[in-house]
Amino acid sequence: MSICYVNGSYEEKTSAAISIQDRGFNFSDGVYEVMSFSGNSVINFDKHVKRLSKSLDSLRIKKPLSNYKSLELILKKLIKENKLDKGFIYLQITRGSCSRNHLFPKLSKPNIVIFTFTAKLDKKFILSGVKVRLTEDLRWKRCDIKSISLLPNVLEKQNAFEEGMYESWQTRNDLITEGSTSNAFIVNRNGFIQTHPANNFILGGVTRDTLIEIAKKNKIKVVEKAFSSSDLFLSREAFLTSTTAKILPVVKINKKNIGNGKPGQMTQALIKMYNELVKCQIHE
């Protein structure tokens, strides 16, 4: 049995339903968040809700809950109902259900759906690193909104899979923006961590932001400046971040090794630092 939350009710996932006139279904008119949890702790909860609030405001969608403390209680009850010790939470909010019309409906309530899921990350990805391909970034110019419109990301993730790669890193004018499901980082020739700045061309990942905070706290220089494919191929190390993968070493781009083709020391150190931070949140 798997329990989900739909518009105020806890229901079995197999019987839960939303109207076919939901604007998320018809227009991708909605936003989402993916959070990880361990025990009864939602990791980086405050950062996730801050991004969720920004996305809702950007699309002018009403917040379905009066405050985020209510949301935290819902998430914790959902974790308990599903009897899971570790996993992920998917949350989606759309503008609501109404007759199909491009214009915003005057009278509609947002639809909110939340469910839990589990996903196992192959340990070899952490120990040996992953392969990444470069591709043109075909997405719209508001990538900072965590919109449910993900077709370009889906296509590039599939293309990577079919080519035996873990991920696609996207480029605009030869500058790497981010991956189809991750943020992109390098340790550049000077030994600094470098990543695309948090603007409208990337989704500012929660794990991305947390890693930057950890690095700065440990006196590791971080440069938020877009890097080119040339910078990438000349870098000492590369890695990616996401909620589901945390931090993964990138050892090969387009079949060309990064550094010595093995996970770098800086990346391995950052993985340990991030895991320690997560442990502290769990035990709070």
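Me: Which residue in S8 does Leu134 stand opposite?

Reply: Leu134 stands opposite Trp169 in S8. The strands that hold this pair are S7 (residues 130-136) and S8, which run parallel and are joined by 5 bridges. Two strands are said to pair if DSSP finds at least two bridges between them, while strands (E, at least two residues) and helices (H or I, at least four) are DSSP runs numbered from the N terminus.

Me: And how does the chain get from S7 to S8?

Reply: From S7 the chain passes through helix H5 (residues 151-162) and on to S8, and this β-α-β crossover is right-handed. The term right-handed applies if, with the strands pointing away from the viewer, the path from the first strand over the helix to the second runs clockwise.

Me: Before we go on, what sort of model is this, and how are the residues numbered?

Reply: It is a predicted model, in which local features need pLDDT of at least 70 and side-chain atom pairs count only at pLDDT 80 or more, whereas totals for chains, interfaces and linings use all residues. Residues are numbered from 1 along each chain as its sequence is written, and side-chain values use heavy atoms, with hydrogens and water left out.

Me: Back to S8, then: how many of its residues are buried?

Reply: In S8 (residues 167-172), 6 of its 6 residues are buried, so the strand is described as mostly covered; buried means under 20% relative accessible area, exposed means over 50%, and partly exposed lies in between (1.4 Å probe, protein chains only).

Me: Which strand comes up with S8 on the antiparallel side of things?

Reply: That is S9 (residues 175-179), which pairs with S8 in the antiparallel sense over 3 bridges, and Trp169 stands opposite Gly179 in S9. The hairpin of S8 and S9 has 2 residues between the strands, and in this hairpin Asn173 takes a positive phi near 55 degrees.

Me: New topic: in what order do the strands of the open sheet come?

Reply: The open sheet has 6 strands in the order S2-S1-S6-S5-S3-S4, and the pairing is antiparallel. Strand S2 (9-12) and strand S4 (41-42) stand at the edges, each with a single partner strand, so one side of each is left without a neighbour in the sheet. Within the sheet, strand S3 (residues 30-38) and strand S5 (residues 86-94) are antiparallel and joined by 9 bridges, with Phe37 standing opposite Gly87 in S5.

Me: Which helices lie across those strands?

Reply: Helix H2 (residues 45-58) lies across S3, S4 and S5, and runs at about 175 degrees to S3. Helix H3 (residues 68-81) lies across S1, S2, S3, S4, S5 and S6, and runs at about 40 degrees to S6. For such angles, axes are lines fitted to C-alpha atoms, for helices over the stretch in contact, and the values run from 0 to 180 degrees between N-to-C directions.

Me: What about Ser41, where is that?

Reply: Ser41 is in strand S4, and at 17% relative accessibility Ser41 counts as buried. A polar atom of the Ser41 side chain lies 3.5 Å from the backbone oxygen of Ile282.

Me: Last one: at what angle do H6 and H8 pack?

Reply: Helix H6 (residues 206-217) and helix H8 (residues 265-282) pack at an angle of about 105 degrees, with their axes 10 Å apart. That makes H6 roughly perpendicular to H8; angles of 65 to 115 degrees count as roughly perpendicular, under 35 as roughly parallel, over 145 as roughly antiparallel and the rest as oblique. Thr207, Thr210, Leu211, Ile214 and Ala215 in H6 meet Leu270, Met273, Tyr274 and Leu277 in H8.

Key. Contact = heavy atoms within 4.5 Å. Polar contact = N/O pair within 3.5 Å; in protein donor to acceptor, adjacent residues only side chain to side chain.
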